[in-house]
Structures are given as structure tokens and as C-alpha cells.
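Here is a friendly walk through one protein chain, meant to be read with the model open beside you. Please keep the viewer at hand as you go.

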Amino acid sequence: MRLTTRLAGGLALLTAGLALTACGTGTTAAPDATAPPCRTGSLAWMLSLLDGDGTRTGSGRPDARLTAVNKGPDACVFAGYPGLEIHNGKAESVEGSGQGRPAPLALPVRASVTVDLRYTRRGTKGADDSWCVRQTEASVRAPHDTRGTVVPVTDAHGKAAAIDACGETLAMAVPRRTPAGP
């Protein structure tokens, strides 16, 4: 009987603590899985090179970052890897590719999701220079969306840049959510 009373008391305390946390914090609750999937058109996309001089190759740090900010009127769910393609006209192309199935991310309004990218640059040891793509823009789309959009490539300071990637794929890290901005 004492154990049951202690368990019930502990559960009541936990419930009260959660209720107090949920009320009066001034933060909006994260959307649940019933929110609609994120669509390409409701996201503001950015593809930024993190280091343009080639010194990061082989360092274990990302070469570029793809960011999408939820600019839609409501929360959405970002479920999977985004589509990313860099085309050299109608010839060669390099596509983003991730491993596994990342967990869906609830994306409130103004929150963003980032995906770190790794790729082989032209002129790097082991690069097949015959299959390289140099472009100032890329085609992106939200996971499971059929419509894409074209975004410019920028350097770490937001200035126009060109990505110079060799091989057939850009390795994508698991998408991660960053807090909502002002």
C-alpha cells in the first residue's frame, strides 16, 4: 500500500510539474506529427559554402550547408533528406545523398533545418576531374515533394559563389533543427 501511495504521489508531482512547464513559459509548443509535411514553396532555402579555399577537404568538417527556414503560415514536418541536384547543363550532375532514414523534424514557423554537406572538390587527390560540376546555383526540394526550386550558391559571408563538386554524390548529414528566429 505504501508503494502504491508513493507511486501515485510521484506521478501527481510529475504531472503538476509538466503542467506548470507547459503553462506560462511564453514558448510555443512544438508541432506534433499531425502537422502537414513541409513543402518546398513554404521554405526559404540557402546553400552556403563553408570554406572556399579547399583547406577543409579531408578535415572531417562539412564543406557546405543547406538550410531551409519555415516561412509558411503554420508548422510543418520535415521528414527525410531534402532533394539536392547540381546540374552542368543537361550533361553531368551531382546529387545529394544521405544514409538511413532520419527521424521526422517538427518545424515551427521561422524555425530552420540544416543539412551539412561533404563533397570532393575539383583538383583534390582522388577526384575524377572528368565528372565535375561547377555551378552558381542548385535545385532543391523538400523531402517527398515533387516541386523544386533553384537557389543561388553563396560563400560563408553571403556573397555569390560557385560550388565545384566532383563525383556523382554530395554526402548529406542527418538534417537537424535549429530554433525559430525573431
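## Ground rules

This is a predicted model, in which local features need pLDDT of at least 70 and side-chain atom pairs count only at pLDDT 80 or more, while totals for chains, interfaces and linings use all residues. Residues are numbered from 1 along each chain as its sequence is written, and side-chain values use heavy atoms, with hydrogens and water left out.

## Overall layout

Let's start with the secondary structure. The chain has one helix and twelve strands, where helices (H or I, at least four residues) and strands (E, at least two) are DSSP runs numbered from the N terminus. Along the sequence the pattern is α-β-β-β-β-β-β-β-β-β-β-β-β.

Of the 182 residues in the chain, 36% are buried. Here buried means under 20% relative accessible area, exposed means over 50%, and partly exposed is in between (1.4 Å probe, protein chains only). The chain exposes about 11,000 Å², and carbon and sulfur atoms supply 56% of that area; accessible areas come from the Shrake-Rupley method with a 1.4 Å probe, and for residues only the protein chains shown count as cover. Among contacts (heavy atoms within 4.5 Å) with a separation of 6 or more, 78% are between residues 24 or more positions apart.

## Two disulfides

A search of the whole structure finds two disulfides, each being a pair of cysteine sulfur atoms within 2.5 Å. With the bonded cysteines numbered in sequence order, the pairing is 1-2, 3-4.

The torsion about the S-S bond of C38 and C76 is about 80°, so the disulfide is right-handed. C38 is buried at 1% relative accessibility, and C76 is buried at 5%.

The other disulfide is formed by C132 and C166, whose sulfur atoms are 1.8 Å apart. This pair links distant parts of the chain, with C132 in strand β8 (residues 132-135) and C166 in strand β11 (residues 163-172), 34 residues apart. Its S-S torsion is about 100°, so the C132 and C166 disulfide is right-handed. C132 is buried with a relative accessible area of 6%, and C166 is buried with 4%.

## A closer look at T154

T154 belongs to strand β10 (residues 149-154). With a relative accessible area of 12%, T154 counts as buried. Leaving out residues up to four places away in sequence, T154 touches L47, S48, L49, K159 and A161.

For S48 there is also a side-chain link: the side chains of T154 and S48 make a polar contact at 3.3 Å. A polar contact is a pair of N or O atoms within 3.5 Å; within protein, one must be able to donate a hydrogen and the other to accept it, and residues adjacent in sequence count only if both atoms are side-chain atoms.

## Positive phi in two loops

Most residues other than glycine have a negative phi. R110, which is not a glycine, has a positive phi of about 75°. R110 lies in the loop between β6 (105-107) and β7 (112-121) and is partly exposed, with a relative accessible area of 42%.

H144 is not a glycine either, and has a positive phi of about 65°. H144 is in the loop between β9 (137-141) and β10, and at 65% relative accessibility H144 counts as exposed.
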